[in-house]
Amino acid sequence: METLTQQEYRMAEGLGSTDIKVLLENPYLFKNKVRKEPTDNLILGSVIHTLILEPQKLESEYIIMPELNLRTNADKAVKAELEAEAKASNKTLVKSEIYNQAEAVSKSFLNSSLSLFLRGEVKAEASFFGEIDGVKVKARPDLIIPE
């Protein structure tokens, strides 16, 4: 078990669940490493996931875009700068409305009785590496509960 950032895990050698899904759906896309841009819903889920399980990593993995009026040249320039910064730092750029929604969902969850299991001895986002039939594989379960 290793503690890696999400980016370090993604860069590590081995097939993960997403790789296997792409390989099964379209071997050409897998072979040529064609990846879709993340949708707003995927980004929303990722931010919620981070806010609940690893809030300390929010700043190292995301850049939250302020509310912008993209009808103005000044705000278009701000957006372009943030996009360049996100790309250069290998972070995900998150629209303010998506972040606000993620924050509301995560606060609601953390204030619920369901969040009690997070207060025990749990390990979030541990990375595991192995080999199956000569193929390197990796896994990153959301939570490991020792019991």
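**Ground rules.** The model is predicted, so I kept to the cut-offs that go with it: local features need pLDDT of at least 70, side-chain atom pairs count only at pLDDT 80 or more, and totals for chains, interfaces and linings use all residues. Residues are numbered from 1 along each chain as its sequence is written, and side-chain values use heavy atoms, with hydrogens and water left out.

**Entry 1: counting.** I looked up how many salt bridges there are, taking one to be a side-chain nitrogen of Lys or Arg within 4 Å of a carboxyl oxygen of Asp or Glu. The count comes to 6 salt bridges. As background, I noted that side chains of opposite charge can pair when their charged atoms come close.

**Entry 2: Glu13 and Lys136.** I found a salt bridge between the side chains of Glu13 and Lys136, at 3.6 Å from N to O. This pair links distant parts of the chain, 123 residues apart. Glu13 is in the loop between helix 1 (6-11) and helix 2 (17-25), while Lys136 is in strand 5 (residues 135-139). Helices (H or I, at least four residues) and strands (E, at least two) are DSSP runs, numbered from the N terminus. Then I checked accessibility, where buried means under 20% relative accessible area, exposed over 50%, and partly exposed in between (1.4 Å probe, protein chains only). Glu13 is exposed at 59%, and Lys136 is partly exposed at 40%.

**Entry 3: Asp19 and Arg35.** Here the closest N and O atoms of the salt bridge are 3.2 Å apart. Again the pair links distant parts of the chain: Asp19 is in helix 2, and Arg35 is 16 residues away in the loop between helix 3 (27-31) and helix 4 (40-53). Is Asp19 buried or exposed? Asp19 is buried, because its relative accessible area is 16%. Arg35 is partly exposed, at 41%.

**Entry 4: Lys79 and Glu83.** I looked at one more salt bridge, where the side chains of Lys79 and Glu83 meet at 3.7 Å, N to O. Both residues sit in helix 6 (residues 73-89), 4 residues apart, so about one helical turn separates them. Lys79 is partly exposed at 26%, and Glu83 is partly exposed at 39%.

**Entry 5: Thr50.** I moved on to Thr50, which is in helix 4. Thr50 counts as buried, with 3% relative accessibility. What is Thr50 in contact with, leaving aside its neighbours within four places in sequence? I wrote down Pro55, Lys57, Leu58, Glu61 and Tyr62, contact meaning heavy atoms within 4.5 Å.
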